[in-house]
Amino acid sequence: MSYGSGVFESTQVWLEIDEPSRTAAWQSSRALGDAASQWNGYLNRLCVQAVQGWLQEDYGAPAAVVPNAAALPSFWELVNGTAIALAGRRLILIPSEAIDADELRVPQEWVDIPNWLGDYYLAVQVNEDEGWVRLNGFATHRQLKQQGHYDWRDRTYSLADSELIADFGVLWVSQQLAPQEATRATVPNLAALPIAQAENLIERLSHPSLINPRLAIPFATWGALVGHGGWRQRLAERRQGLPEQRSLLQWLRSDLSDWAQQAGWGQVAFQPSAAGARGDQLGADAGGIALSRRLEIAEQPYELLITPADTAGRVWRFTLRSLVTGGSIPAGFVLRLLTEDLQPFEGNEDRAEAAIDSLFIEVALEPDEGIVWEVEPAPEGYDREILNLAGLP
């Protein structure tokens with residue numbers, strides 16, 4: 001990958017895409033559900049490969065896709081665009097292959113779903129035939145909401161090129177001189193969906209004959225569905241024809257799913273005393289294996305451990321501990337479990353009132369029940385996921 005004129009030399013930014021990068025992007029996108037999603041994923045991956053590297057080079061700060069790289073296919077299966085975190089701000093990259101691109105056209109999801117919206121939206125023209133990417137300008141979320149044209153037919157907000165900020169030096173200056181600038185408009189929260197309704201929608205919208213599921217139901221319902229990370233992932237995977245990806249039993253009894261490995265889950269030897277267990281029986285019940293995921297919270301490493309706490313595989317212990325030698329969980333940290341539709345239940349959280357060795361919660365799950373974990377403060381790259389006991393009779 002090579003980069004064209006930088007932000008300080010020109011208001012236009014041109015970035016070259018070499019042939020190996022194009023080949024790799026296409027191969028990575030082939031797993032998406034249909035031809036339209038594959039092409040969408042391909043354009044977005046080219047966009048990210050070029051722009052992410054340029055941001056890091058010209059701004060001298062890490063530019064990370066959010067929530068994480070493993071989640072990208074579940075976005076690109078359903079909608080155009082990618083979010084990148086840069087210096088405390090959230091940038092939404094919107095690629096277009098239109099030759100005569102004269103506007104920024106942003107899918108409504110990136111503007112009106114509270115946990116999707118960004119600070120700045122970048123219009124990115126991608127010419128994959130000639131191997132280049134051009135940044136045409138950017139706008140804030142506030143601009144899109146207050147000045148953008150909303151088109152109900154394809155559920156997009158648009159701004160003409162003339163309304164965009166063309167000089168990316170302005171973005172740099174605003175980050176340095178006005179980091180507290182109000183870039184976002186207020187958007188209302190979306191009403192939560194009951195589990196039964198979400199399951200019915202996922203079943204309906206995952207049918208391969210439905211080319212554009214994002215337009216098949218009212219936006220408020222669609223936004224509530226895909227705004228939930230676990231439901232977004234499940235819908236995307238169903239459309240890709242993938243089997244269940246998040247069964248705790250399958251992860252322990254056989255290989256981790258592809259998604260689990262990409263998301264950072266692994267199998268580790270389990271020591272009962274290391275996870276706050278109440279007795280040695282847990283080690284025997286678990287067969288010496290735990291599920292582990294490394295987390296980074298406030299630039300410090302932690303580990304989330306999941307172990308079966310009974311021989312039947314219905315009771316599970318979730319444990320949060322520090323990976324720093326002699327480290328502890330700081331006061332104010334919270335480990336929380338929620339139902340699939342994000343509802344609390346009795347005994348669903350453990351809170352550190354003072355520094356403590358670990359936090360842990362035990363929960364009994366039914367075969368058809370899902371569970372969602374949360375940590376406060378939120379780990380870097382956190383995306384909600386629904387864990388279950390698929391495969392248990």
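Biologist: Is D310 buried or exposed?

Modeller: D310 counts as buried, because its relative accessibility is 19% and buried means under 20% relative accessible area, with exposed over 50% and partly exposed in between (1.4 Å probe, protein chains only). This is a predicted model, in which local features need pLDDT of at least 70 and side-chain atom pairs count only at pLDDT 80 or more, while totals for chains, interfaces and linings use all residues. Residues are numbered from 1 along each chain as its sequence is written, and side-chain values use heavy atoms, with hydrogens and water left out.

Biologist: Where does D310 sit?

Modeller: D310 is in the loop between β13 (300–308) and β14 (315–322), where helices (H or I, at least four residues) and strands (E, at least two) are DSSP runs numbered from the N terminus. The C-alpha atom of D310 is 9.7 Å from that of A364, although the two are 54 residues apart along the chain.

Biologist: Okay, zooming out, how many helices and strands are there?

Modeller: The protein has 12 helices and 18 strands. Its radius of gyration is 22 Å, close to the 21 Å that the globule rule gives for 393 residues, so the protein is as compact as a globular protein of that length; the radius is taken over C-alpha atoms, and the rule is 2.2 Å times the number of residues to the power 0.38. Of the 393 residues, 54% count as buried.

Biologist: And which residues have the most contacts inside the largest nonpolar core?

Modeller: Those are V51, W110 and L135, in a core of 72 residues, to which helix α2 (residues 35–59) gives the most, with 10 residues. A nonpolar core here is a set of buried Ala, Val, Leu, Ile, Met, Phe, Trp, Tyr and Cys residues joined through side-chain atoms within 4.5 Å. Another core, of 33 residues, lies apart from it and has W251, W259, L295 and V375 among its members.

Biologist: What does L135 touch, then?

Modeller: Leaving out residues up to four places away in sequence, L135 touches V13, L15, V51, W54, L122, A123, V124 and F168, with contact meaning heavy atoms within 4.5 Å.

Biologist: Switching to helices, at what angle do α8 and α9 cross?

Modeller: The axes of α8 (residues 219–226) and α9 (residues 229–239) cross at roughly 95° and come within 6 Å; these axes are lines fitted to C-alpha atoms, for helices over the stretch in contact, and angles run from 0 to 180 degrees between N-to-C directions. The two helices are therefore roughly perpendicular to each other, since 65 to 115 degrees counts as such, under 35 as roughly parallel, over 145 as roughly antiparallel and the rest as oblique. W222, A224, L225 and V226 of α8 make the contact with W231, R232 and L235 of α9.

Biologist: Which peptide bonds are cis?

Modeller: One of them joins V66 and P67, with omega about 5°, and P67 is placed in the loop between β3 (63–66) and α3 (72–76). Another runs from E376 to P377, with omega near -5°, and P377 lies in the segment after β18 (371–376).

Biologist: Last one, what is phi of R155, and what about L342?

Modeller: Phi is near 55° for R155 and near 70° for L342, each a positive value in a residue other than glycine. R155, in the loop between β9 (149–151) and β10 (156–160), counts as buried at 11% relative accessibility, whereas L342 is partly exposed, with a relative accessible area of 25%.
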